[in-house]
Amino acid sequence: MALVASLAVGLPVTVLVLCGVVWWVVGRTLRPVAAIQRQVAAISGVDLGRRVPEPSTGDEIAQLARLMNDMLDRLESAAATQRQFTSDAAHELRSPLTRLRAELEVDLAHPETVDHDRTTRRVLHDVAGMQALVDDLLFLARHDEADNGPNRASVDLLAIAHEAVTARRDGVAVEVSGADVVVDADRRQVVRAIRNLVDNAVRHARSQVTVEVGREGVVTVTDDGPGIPFARAEEVFGRFVRLDEARSAGDGGAGLGLAISRGIARAHGGDVVLDTAHVGGARMVLRLAAPRGSADRIS
């Protein structure tokens, strides 16, 4: 009877004590989770600078908080990049649109002095520039969002180099030479990558641009222009980046070509870099994945 009486009194007390201890431990453990939850609920798309509190306990909850803050860092960086990209794109489109509007308004205000051929040529030039810019923007947007790699097939890199040479400028000669090299690559993308490098070289060359295909799947594009300062060797691959007037001749482009070329090369497991050791102009080096094979041929 005494045992029963002791159990009848002691067991409920023990259970209550245990419940209290469990409640206190669980509450203490989950208190950081509640703080994280409140902070996350307060974060919005326009306020990505907030971070969740990181407990000093070093347990799984602290690890979760650190991972969440890392994610917020990436989101904030991506949002800032997107805002800058949108702002730059709007600026680039606004300039030709302003010129078009001014041209048409002047013609409407002074119909007696209108030169229709001149207006048509100027409008066509600006429209072509805007179309090229929009094409580049669409390519970058699709490239950034693509989950899959390039659509690879066996392609002749020397033939691609010949196909990519379309830019022309009076007084500038473009020569293509090298070896037959077969690589696994997306033909359309690699043509675009090399074409952008050649267009950039032709734009800034004094008289000569050379394109050379190496056996290692390396394409070098060299011009005899003023060159690129060593300090800006990486900057030139940024989006909407132009160098100063010493590196410009006529239409300087939108500053997207080199960024696109590098993006294509890296998607193929390679890269595009400026050869900073080259003297007497700029030399861009495009590296792709290891070639499948080669056979010498000079063209």
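Which hand does the crossing of H5 and H6 have, left or right? A word of caution to begin with: what you see is a predicted model.

The overall layout comes first. The chain has six helices and eight strands. Going along the sequence, these elements come in the pattern α-α-α-β-α-β-β-α-β-β-α-β-β-β. There are 299 residues in the chain, and 33% of them count as buried. If you take contacts between residues at least 6 apart in sequence, 66% of them join residues at least 24 apart.

Now the sheet. It is open and has five strands, in the order S2-S4-S5-S7-S6, with mixed pairing. At the edges are strand S2, residues 173-178, and strand S6, residues 271-274, each of which pairs on one side only. From one strand to the next the twist averages 15°.

Two helices that pack on this sheet deserve a mention. Helix H4, residues 157-164, packs there and touches S2, strand S4 (208-213) and S5. The direction of H4 makes about 175° with that of S2. Helix H5, residues 187-204, also packs on the sheet, with S2, S4, S5, S6 and S7 as the strands touched. The direction of H5 makes about 15° with that of S5.

Let me stay with S5 for a moment. Strand S5, residues 218-223, pairs with strand S7, residues 283-287, in the antiparallel sense, over five bridges. Thr 220 has Val 285 as its bridge partner in S7, and Val 221 stands opposite Met 284 in S7. S4 and S5 also pair in the antiparallel sense over five bridges; here Val 209 has Asp 223 in S5 as its bridge partner. S4 and S5 form a hairpin with four residues between them, and Gly 217 in the turn has a positive phi of about 75°.

How many residues of S5 are buried? Six of the six, so S5 is largely enclosed by the rest of the structure. In a regular strand, side chains alternate between the two faces of the sheet. In S5, Val 218, Thr 220 and Thr 222 point one way, Val 219, Val 221 and Asp 223 point the other way, and all are buried.

Next, the nonpolar cores. The largest one has 39 residues. Those with the most contacts inside it are Leu 157, Ile 194, Val 211, Val 219, Val 221, Met 284 and Leu 286. The elements that give two or more residues to this core are H4, strand S3 (180-185), H5, S4, S5, H6, S6 and S7. H5 gives the most, with seven residues. As an example from this core, take Leu 286. Setting aside residues up to four places away in sequence, Leu 286 touches Ile 194, Leu 197, Gly 217, Val 218, Val 219, Ala 265, Asp 271 and Val 272.

The crossing of H5 and H6 is left-handed. H5 and helix H6, residues 257-267, pack at an angle of about 145°, and their axes are 9 Å apart. On the H5 side the contact is made by Gln 189, Val 190, Arg 192, Ala 193, Asn 196, Leu 197 and Asn 200. On the H6 side it is made by Gly 257, Leu 258, Ile 260, Ser 261 and Ile 264. These residues divide into six nonpolar, five polar and one charged.

Asp 136 is in helix H3, residues 116-145. Is Asp 136 buried or exposed? Its relative accessibility is 16%, and the cut-off for buried is under 20%, so Asp 136 counts as buried. Leaving out neighbours within four places in sequence, Asp 136 is in contact with Arg 192, Leu 256 and Ile 260. Arg 192 and Ile 260 also belong to the contact between H5 and H6.

The other residue is Leu 72, in helix H2, residues 60-109. Leu 72 is buried, with a relative accessible area of 6%. Apart from neighbours within four places in sequence, Leu 72 is in contact with Ile 43, Leu 48, Arg 50 and Arg 51. Ile 43 is 29 residues from Leu 72 along the chain, and their C-alpha atoms are separated by 9.7 Å.

Notes
Residues numbered from 1 in each chain as written. Predicted model: local features only at pLDDT ≥ 70, side-chain atom pairs only at ≥ 80, totals over all residues. Heavy atoms only, no water. Pairing = 2+ DSSP bridges. Axes fitted to C-alpha atoms, helices over the stretch in contact; angles between N-to-C directions. Contact = heavy atoms within 4.5 Å. Left-handed = near helix turned anticlockwise from the far one by under 90°. Nonpolar A, V, L, I, M, F, W, Y, C, P; charged D, E, K, R; others polar. Core = buried A, V, L, I, M, F, W, Y, C linked by side-chain atoms within 4.5 Å. Buried < 20%, exposed > 50% of the residue type's maximum accessible area, 1.4 Å probe, protein only.
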